[in-house]
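Dear colleague,

I am passing on a structure for you to look through, and below it I have written out what was found. Please keep the model open beside this message as you read.

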Amino acid sequence: MGGAEQDKLLDWGAAVPQLDRQNCALYLEGPPSIGKSSLFALGLSLLWRTTGPSHFANLMAGFNADMFACPFVLLDEGLPRSASHTSAFIRSLIGSSEHTFNQKNQP
């Protein structure tokens, strides 16, 4: 995994648990069913919990409580078509050093 960029992938993986600093997003491209989300994403999310990564769709819906339990966020199978400002949202999510907790059905 990683091919010619394997060293960069390893560096990125080593930086994932360092929550005191910002990290870049990782884009993985490859054929279906080779383990991009089920093995790679689940494996990294195990640093925080056993139920898997937080899902990007929940964040786009305005509820980010899941991200506080597991800061590893997965966007699987492409960007949502209904989100017209998805790129700006991703940049603000990654570029922000603090976030306001917002849970569904909670004030």
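**Around Ser 45**

Leaving aside neighbours within four places in sequence, Ser 45 is in contact (heavy atoms within 4.5 Å) with Gly 52, Pro 53, Cys 70 and Phe 72. Please bear in mind that this is a predicted model, in which local features need pLDDT of at least 70 and side-chain atom pairs count only at pLDDT 80 or more, while totals for chains, interfaces and linings use all residues. Residues are numbered from 1 along each chain as its sequence is written, and side-chain values use heavy atoms, with hydrogens and water left out.

Ser 45 belongs to helix H2, which covers residues 36-45; helices (H or I, at least four residues) and strands (E, at least two) are DSSP runs, numbered from the N terminus. Ser 45 has a relative accessible area of 0% and is therefore buried, where buried means under 20% relative accessible area, exposed over 50%, and partly exposed in between (1.4 Å probe, protein chains only).

Which residues of H2 are buried? They are Phe 40, Ala 41, Leu 44 and Ser 45, and because they cover an arc of only 130 degrees around the axis, they lie on the same side of H2; the arc is taken from the directions from the helix axis to the C-beta atoms. These buried residues of H2 pack against H1 and strand E2 (73-74).

Not counting residues up to four places away in sequence, Phe 40 touches Met 1, Leu 9, Trp 12, Leu 26, Leu 28 and Gly 35.

**The cysteines and the whole protein**

Cys 70 is buried, because its relative accessible area is 0%, whereas Cys 24 is partly exposed, with a relative accessible area of 49%. Counting as a disulfide a pair of cysteine sulfur atoms within 2.5 Å, the total comes to 0 disulfides.

The protein has 5 helices and 2 strands, which follow the pattern α-α-β-α-α-β-α when read along the sequence. Buried residues make up 21% of its 107 residues.
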